[in-house]
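Dear colleague,

I am handing over the structure below for your studies. Please keep it open while you read the notes that follow.

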Amino acid sequence: MGINGYLDHRLECPYCQTIRLRIPHDVEADTPISCEDCGEYLGCWDELLTDLEQQGGTSGVFQLEKGRIRKIG
Ligand SMILES: [Zn+2]
């Protein structure tokens, strides 16, 4: 899926393997999201959120906190 198979069932940067994304406070569905560490473009927010929800949503494995997504545990 996607370019270079990004977000291939894992919400992490395919370039540096971190799970820290740069998410604006006023994020909207079509807001472009980039990796916080290497700055590579990962996709629009809607795409990332869809992928996130397929993995358990923000109350599952991942937690959305202060505009950042963290992996729990
Ligand atoms: Zn990165």
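In this predicted model, Glu28 is found in the loop that lies between β1 (21–22) and β2 (32–35). Is Glu28 buried or exposed? Glu28 counts as exposed because its relative accessibility is 51%, and the cut-off for that class is over 50%. Glu28 also belongs to a negative surface patch, which it forms with Asp26, Asp30, Asp46, Glu47 and Glu53.

The strands on either side of this loop, β1 and β2, are part of an open sheet of three strands. The order in the sheet is β1-β2-β3, and the pairing is antiparallel. The edge strands are β1 and β3 (41–44), since each of them pairs on one side only.

The pairing of β2 with β3 may be followed residue by residue. These two strands run antiparallel and are joined by three bridges. Ile33 stands opposite Gly43 in β3, while Ser34 stands opposite Tyr41 in β3.

β2 and β3 form a hairpin with five residues between the strands. Which residue in this hairpin takes a positive phi? It is Gly39, with a phi near 80 degrees.

Yours sincerely,
A colleague

Conventions: Residues numbered from 1 in each chain as written. Predicted model: local features only at pLDDT ≥ 70, side-chain atom pairs only at ≥ 80, totals over all residues. Heavy atoms only, no water. Patch = residues over 30% accessible without salt bridge, like charges linked within 9 Å, V, L, I, M, F, W, Y side chains within 5 Å. Areas by Shrake-Rupley, 256 points an atom, 1.4 Å probe, with all protein chains shown as cover. Salt bridge = Lys/Arg side-chain N within 4 Å of Asp/Glu carboxyl O. Lys, Arg positive; Asp, Glu negative; His and termini not counted. Charge placed at Lys NZ, Arg CZ, Asp CG, Glu CD. Helix = DSSP H or I, 4+ residues; strand = E, 2+ residues; numbered from the N terminus. Buried < 20%, exposed > 50% of the residue type's maximum accessible area, 1.4 Å probe, protein only. Pairing = 2+ DSSP bridges.
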